[in-house]
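Open the model in your viewer and keep the selection panel to hand. We will go stop by stop.

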Amino acid sequence: MLRTALCGSVRICAEEGALVGLSTHPADHELSEEQSHAVAGLVREELARRRISRQFLADQAKISLSTLEKALSGRRPFTLATLIRLEEALGVKLRHPEPKPAAPTAPVRLAGPVGVAPEGLGSYSRPAVSWIEGEYLTLRPSFGDRRAIYAYRTEIRWNDAGSHLAFHEAERVDAAFTQHGTVSVPHQSGHIYLVTNTHGQYRMAVLGRPTITGEMHGILTTLQAGPGSQLTPVASPIVLVPMAAAGAPEFGRIVADHACHARYRDILRRTVEESFARFLPVSAD
């Protein structure tokens with residue numbers, strides 16, 4: 001009664017109406033705990049991917065940093081108004097419909113292996129590249145002896161954790177330089193890339209599609225170890241021969257009088273002689 005006498009019933013109704021309007025306006029609708037958690041995850045992912053600060057995002061969305069921090073930490077649910085501002089600032093959709101309970105179904109048995117490689121490796125599916133998996137006799141010229149051939153083993157297998165093909169070398173005389181890395185198979189070029197990235201230091205083999213006998217010819221670009229800590233960029237022909245077609249392979253440095261040398265030399269020569277790869281000379285003009 002005292003409040004009515006002091007403020008007047010009309011004023012109270014107006015203020016209460018304003019408060020009701022604020023609390024029920026669609027823009028101030030609070031998301032459910034599950035929705036807020038999902039949105040927070042997407043926003044954190046965008047912040048990391050774009051490498052921008054929370055302050056920058058708050059400024060772009062025209063919301064306070066405190067509001068953003070509390071919503072991301074789960075101390076306050078996102079409101080529809082905040083969500084719309086964040087979507088406009090990031091240019092992405094953060095809203096997803098509430099999942100409907102699925103009717104119970106019998107478990108589905110997958111027909112075969114699944115998995116898709118990241119876009120940076122060619123977005124290939126495992127079934128599409130399963131023919132590459134296996135062990136290969138790998139041949140390239142020896143860097144230390146011009147007449148010798150260096151032979152070792154390369155294994156290409158699917159990496160479940162990374163969802164891509166990976167390769168690993170073995171049977172190398174210089175075991176300290178054994179390489180392993182990722183396999184890229186882009187659709188555009190039709191070539192296969194074996195890439196090693198060790199703290200930003202790259203080594204790469206570019207291979208053509210297999211021949212009828214399964215050999216993959218190409219170019220290896222790497223660093224040749226010299227005296228002391230000297231490293232020199234070098235390129236050479238390289239061939240991966242399926243182990244099933246390699247007979248009884250010999251590994252190591254195959255010198256000129258070795259029983260396998262002539263056969264390995266002829267396989268390696270095909271890389272250049274049949275234009276699987278080209279090494280361009282420097283013009284004298």
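This is a predicted model.

**Stop 1**

Select α3, residues 33-50. The helix has 18 residues, which at 1.5 Å a residue should span 26 Å. Check the C-alpha atoms at its ends: they are 26 Å apart, in agreement.

Now colour Ser36, Val39, Ala40, Val43, Glu46 and Leu47, the buried residues of α3. They cover an arc of only 130 degrees around the axis, so they sit on the same side of the helix. The spacing has a simple background: an α-helix has 3.6 residues a turn, so residues three or four places apart point the same way.

What covers this buried set? Show α4 (54-61), α5 (65-73) and α6 (80-90), which are among the covering elements. Then turn to the other side of α3, where Glu34, His37, Ala48 and Arg49 are exposed.

**Stop 2: salt bridges**

How many salt bridges does the structure hold? There are 11. Side chains of opposite charge can pair when their charged atoms come close.

Start at Arg172. Its salt bridge with Glu169 has the closest N and O atoms 2.7 Å apart. Both of these residues are buried; Arg172 counts as such because its relative accessibility is 11%, under the 20% cut-off. Arg172 also forms a salt bridge with Asp174, at 3.0 Å from N to O. Asp174 is partly exposed, at 26% relative accessible area.

Next, select Glu215 and Arg270, whose side chains meet in a salt bridge at 3.1 Å, N to O. The pair links distant parts of the chain, 55 residues apart. Glu215 lies in the loop between β6 (201-207) and β7 (216-225), while Arg270 belongs to helix α8 (residues 261-273). Arg270 is partly exposed, at 24%.

Finish this stop with Glu135, Arg153, Glu155 and Arg157 together: a network of salt bridges links them.

**Stop 3: a histidine in a loop**

Go to His191, in the loop between β4 (180-184) and β5 (192-198). His191 is partly exposed, with a relative accessible area of 29%. Its side chain reaches the backbone oxygen of Ser189 at 3.1 Å.

Leave aside the neighbours within four places in sequence, and show its contacts: Ser184, Val185, Pro186, Val206, Leu207 and Gly208. Last, draw a distance from His191 to Gly218, 27 residues apart along the chain. Their C-alpha atoms are separated by 9.1 Å.

Methods
Residues are numbered from 1 along each chain as its sequence is written. This is a predicted model: local features need pLDDT of at least 70, side-chain atom pairs count only at pLDDT 80 or more; totals for chains, interfaces and linings use all residues. Side-chain values use heavy atoms; hydrogens and water are left out. Helices (H or I, at least four residues) and strands (E, at least two) are DSSP runs, numbered from the N terminus. Buried means under 20% relative accessible area, exposed over 50%, partly exposed in between (1.4 Å probe, protein chains only). Contact means heavy atoms within 4.5 Å. A polar contact is a pair of N or O atoms within 3.5 Å; within protein, one must be able to donate a hydrogen and the other to accept it, and residues adjacent in sequence count only if both atoms are side-chain atoms. The expected span of a helix is 1.5 Å times one less than its number of residues. The arc is that of the directions from the helix axis to the C-beta atoms. A salt bridge is a side-chain nitrogen of Lys or Arg within 4 Å of a carboxyl oxygen of Asp or Glu.
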